[in-house]
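Me: I am new to this structure. Please take a close look at one part of it, the pairing of oppositely charged side chains, and explain the terms as you go.

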Amino acid sequence: MATYKSIAYDQALSAGGSQVLLSETTASGDSTISITSGIDSTYKEYIFRFINLHPSANDSTISWQANASGESGYNETITSTSFRATHYESGSGGELAYLTASDQAEGTAVQTLSDSIGSDNDQSICGELTLYDPSSTTFVKHWAARISVTTHSDAMNDRHTAGYINTTGAITEIQFTPSSGTIDAGTIKLYGVL
Amino acid sequence: MPRYHNINGVRVQFTAEEETARDAEEKAWADGQLDRDLFELRNKRNRLLTETDWWGASDNTMTADQTKYRKDLRDLTNGLDTVDKVKNVTWPTKPS
């Protein structure tokens with residue numbers, strides 16, 4: 001019979017490493033959510049996991065930016081791409097779209113995680129953003145996000161966004177913002193990956 | 001109503017300067033509504049055109065209704081210069 005320990009060990013292996021919960025932030029009518037501790041050289045990979053983030057404004061986006069150690073402001077230089085698959089509750093859709101409004105070419109704007117989020121009581125986004133080796137002084141900082149969205153037009157968006165922060169400085173702080181209104185509810189969990 | 005940062009779970013009220021900057025960001029976002037709505041409309045329009053591309057194959061002759069349907073789709077964005085016009089656009093009916 002498998003023991004709990006052996007099962008946990010197997011799961012860690014299949015995931016490529018075990019995840020350590022570093023922090024848990026609960027949204028409550030916030031215009032920004034910043035995570036400014038726990039991101040350092042301890043881990044080579046950090047995962048921000050979003051659980052039912054719910055915006056106050058309909059048809060809004062949730063975006064993020066980073067701040068490098070020793071600098072001020074969430075305005076790092078990002079190059080990124082973004083695309084999504086959409087399928088409506090009505091059965092229509094089933095289309096892929098490259099999102100020019102969400103890519104950046106050495107831009108310092110906030111980076112969209114998800115757009116078109118609905119604000120009905122049962123609508124939200126879930127997913128995760130992975131930041132790789134944020135303390136490297138050699139490489140740019142790669143990241144990748146995948147978000148599941150219930151949109152304001154009652155569709156499912158599977159949103160893929162990836163890119164890099166074009167700095168060799170250490171990234172130590174991340175901030176999440178809605179395009180308008182607030183993030184009324186939901187949780188952001190930060191994990192370090194061993 | 002004041003805005004708040006959530007910094008590692010601690011709520012911190014915006015400064016007056018931050019409120020002004022955020023007001024400007026939210027206005028810019030609202031001003032972009034028409035462009036965002038047109039992007040979504042074009043995505044759907046392009047998908048509908050793609051679904052009927054085969055009508056134009058060299059071994060097929062399009063009917064007048066099919067030709068009109070595709071032209072109406074291509075012309076759909078003409079005159080759509082307000083959010084209300086985009087939301088209330090009339091989609092052409094696909095011929096059977």
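Reply: The answer below goes through salt bridges and then turns to a surface patch.

This is a predicted model, in which local features need pLDDT of at least 70 and side-chain atom pairs count only at pLDDT 80 or more, while totals for chains, interfaces and linings use all residues. Residues are numbered from 1 along each chain as its sequence is written, chains are lettered from A and ligands numbered from 1 in the order in which they are written, and side-chain values use heavy atoms, with hydrogens and water left out.

A salt bridge here is a side-chain nitrogen of Lys or Arg within 4 Å of a carboxyl oxygen of Asp or Glu. Over all chains, the search of the whole structure gives 20 salt bridges.

In chain A, Asp115(A) pairs with Arg159(A), with 3.0 Å between the closest N and O atoms. Asp115(A) belongs to strand β8 (residues 111-117) and Arg159(A) to strand β11 (residues 155-165), so the bridge ties together parts that lie 44 residues apart in sequence. Strands (E, at least two residues) and helices (H or I, at least four) are DSSP runs, numbered from the N terminus. Asp115(A) is buried at 14% relative accessible area, and Arg159(A) is buried at 1%. Buried means under 20%, exposed over 50%, and partly exposed in between, with a 1.4 Å probe and protein chains only.

In chain B, Asp37(B) and Lys87(B) form a salt bridge, 3.4 Å from N to O. Asp37(B) sits in helix α2 (residues 33-51) and Lys87(B) in helix α4 (residues 83-87), 50 residues apart. Asp37(B) is buried, at 10%, whereas Lys87(B) is exposed, at 52%.

Arg70(B) also meets Asp53(B) in a salt bridge, at 3.2 Å from N to O. Here helix α3 (residues 64-74), which holds Arg70(B), is linked to the loop between α2 and α3, which holds Asp53(B), and the two residues are 17 apart. Arg70(B) is buried, at 13%, and Asp53(B) is partly exposed, at 43%.

Salt bridges also join into a network in chain B, linking Arg3(B), Glu19(B), Arg22(B), Asp23(B), Glu25(B) and Glu26(B).

A surface patch, by contrast, is made of residues with over 30% relative accessible area and no salt bridge, like charges being joined within 9 Å and nonpolar side chains (Val, Leu, Ile, Met, Phe, Trp, Tyr) within 5 Å. Phe83(A), Leu96(A) and Tyr98(A) make up a nonpolar one, with about 330 Å² of accessible area together; such areas come from the Shrake-Rupley method with a 1.4 Å probe, and for residues only the protein chains shown count as cover. Phe83(A) lies in strand β5 (residues 78-88) and is partly exposed, at 39%.
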